[in-house]
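The structure comes first, then the packing.

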Amino acid sequence: MKEVVEILAKALVDQPDKVSVNMIEKDKSWLIELKVAPEDMGKVIGKQGRIARAIRTVAKAAAARQRKKVTVEIV
């Protein structure tokens, strides 16, 4: 799960070396924190949050296969 979000984020930004993904596992859910460089924040969020929503949708689809819930936060 962490790798999926990391690959997507690195493909979007200009500085892929500054992308970091942290995953916190709880009972039946995961919290994924995505950190990017400040100048790449707009590219990860997108117009009206469309790209951020798409990243969350892909993460939720991947988590559904493992019967977990996932929350993606862009920090």
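Predicted model: local features only at pLDDT ≥ 70, side-chain atom pairs only at ≥ 80, totals over all residues.

## The helix pair

The axes of helix H1 (residues 2–12) and helix H3 (residues 50–64) come within 10 Å of each other and cross at roughly 155°. Angles over 145 degrees count as roughly antiparallel, and H1 and H3 are therefore roughly antiparallel to each other. The crossing of H1 past H3 is right-handed.

Which residues in H1 meet which in H3? H1 brings Val 4, Val 5, Leu 8 and Leu 12. H3 answers with Ile 51, Ile 55, Val 58 and Ala 59. The residues of this H1 contact with H3 comprise eight nonpolar, no polar and no charged.

## The sheet

Three strands make up an open sheet, ordered E1-E2-E3, with mixed pairing. Strand E1 (20–25) and strand E3 (69–74) stand at the edges. Each has a single partner strand, so one side of each is left without a neighbour in the sheet. On average, neighbouring strands of this sheet are turned by 20° against each other, direction ignored.

Strand E2 (residues 29–35) pairs with E3 in the parallel sense, over six bridges.

Where does H3 lie? H3 lies across E2 and E3. H3 runs at about 155° to E3.

Technical notes. Residues numbered from 1 in each chain as written. Heavy atoms only, no water. Axes fitted to C-alpha atoms, helices over the stretch in contact; angles between N-to-C directions. Helix = DSSP H or I, 4+ residues; strand = E, 2+ residues; numbered from the N terminus. Parallel < 35°, antiparallel > 145°, perpendicular 65-115°, else oblique. Left-handed = near helix turned anticlockwise from the far one by under 90°. Contact = heavy atoms within 4.5 Å. Nonpolar A, V, L, I, M, F, W, Y, C, P; charged D, E, K, R; others polar. Pairing = 2+ DSSP bridges.
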